[in-house]
Number of protein chains: 2
Amino acid sequence: MSASHPSAHGMPRGDSLLPAWAKETVRAILDPIVRLALAMHVTANTVTVLGLGITVIAAVLIGSGDLLAGALVLMGGSLLDAVDGALARATGGGTPFGGFLDSTIDRASEAIVYVAIAAYYLQGNAPTWPVLAAFMALAGSFMVSYSRARAEGIGISAAVGIAPRTERLVLIIAGLGLAGLAIRPALIAVLWIIAALTVATTAQRIWHVWRLTASPRG
Amino acid sequence: MSASHPSAHGMPRGDSLLPAWAKETVRAILDPIVRLALAMHVTANTVTVLGLGITVIAAVLIGSGDLLAGALVLMGGSLLDAVDGALARATGGGTPFGGFLDSTIDRASEAIVYVAIAAYYLQGNAPTWPVLAAFMALAGSFMVSYSRARAEGIGISAAVGIAPRTERLVLIIAGLGLAGLAIRPALIAVLWIIAALTVATTAQRIWHVWRLTASPRG
């Protein structure tokens, strides 16, 4: 997961929806974990794959209807996820494969969470709109990440936009947690918000790449 | 859509599931369209966006239950899609933005088709497994494309694997067409096949990048 790779995934701070104190708090929690992992010679890539495993556990909880537990496990997994980047930095800046694996596993983790949310709604009444919202949130999230990766392939940094992964993750954990506390519409609202923000961010990134590469005749 | 950008999206021919005669037939159909577009000074990027519009029409047909018409319109859109790459080559090889736009719109088109298929099943009885299959086919397709784009960002060509976009598109059009002709299980089967192939291809690509970048200590 990518909260941890600011050099590869970070947003200009001005664009972030998360306050600085939240990021600092997370850093304070992570510090002892990173030192423990360093002492145990655990590699960043091991932590990345472990994070995927925890996401799968969260997904099983969500799919079986325990949204609050799912949100808490997902939060734990996300903190662990921030560890891999910190570990990579502490051990010399990380490898190209580490960055690639981290990003790719991030996408798999997002997909797994949305599939679990869809599975949850499919077991209830009137699943149509919640499932379509989850579908669009997943598609939009992938479009945001894909447009950036594809732009980097042609040498352009497209790290613009208001829906980077950390913010999406905070939104989805909040939605799951609130729905788990019986405030059911919160999750559906969050799915639509993520869908809207990610589609807007993708359009913004296409526009950004166009502006940077356009020939004089447009 | 990317059938049209062999330099950016092509697979080693030996890996392709499509026979050479099929590709030749498509080329013969496209040739006059490309010449017409050239004569009318239509740009490749215009054709790319037009292809997205046709995909949206196909999605509306699929979502409203007319799977056969959706398959036919999607087929038309895919042929048109192959035109943009041919146009780009005919007018000097295309621009970096053209390749970026084409790939990004490809992903949006895939997402739109799968959302439409999910919407179709959500209106029927027992949508759970078909909708989850569509979800996983979308997620897997995105993972295949993302892992490749992300690998290109670190300078590695990850064009390995057995589920490139053209093959996925042929499968989905066949599934939609057969389901439209009342062979309903065909579409569900195709969704699961795409889900399995794309997950396998993603694993293959991660392995490929690992092999090419691994340090001696692994």
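Axes are lines fitted to C-alpha atoms, for helices over the stretch in contact, and angles between N-to-C directions run from 0 to 180 degrees. Helices are DSSP runs (H or I, at least four residues) numbered from the N terminus. The model is predicted, so that local features need pLDDT of at least 70 and side-chain atom pairs count only at pLDDT 80 or more, while totals for chains, interfaces and linings use all residues. Residues are numbered from 1 along each chain as its sequence is written, and chains are lettered from A in the order in which they are written.

**Helix α5 with helix α6 in chain A**
- α5(A) packs with α6(A), residues 128-153, at an angle of about 175°, the axes being 8 Å apart.
- The two helices α5(A) and α6(A) are therefore roughly antiparallel, a word used for angles over 145 degrees.

**Helix α3 with helix α5 in chain A**
- α3(A), residues 44-63, and α5(A), residues 96-122, pack at about 5°, with 8 Å between their axes.
- α3(A) and α5(A) are therefore roughly parallel, the word for angles under 35 degrees.
- Their contact includes A:L52 of α3(A) and A:I105 of α5(A).

**Chain B against chain A**
- In chain B, 40 residues are in contact with 40 residues of chain A.
- On the side of chain B that touches chain A, α5, α6 and α8 of chain B each supply at least two residues, and α6(B) gives the most, with 17 residues.

How values were computed
Angles under 35 degrees count as roughly parallel, over 145 as roughly antiparallel, 65 to 115 as roughly perpendicular and the rest as oblique. Two residues are in contact if their C-beta atoms, placed from the backbone, lie within 7 Å.
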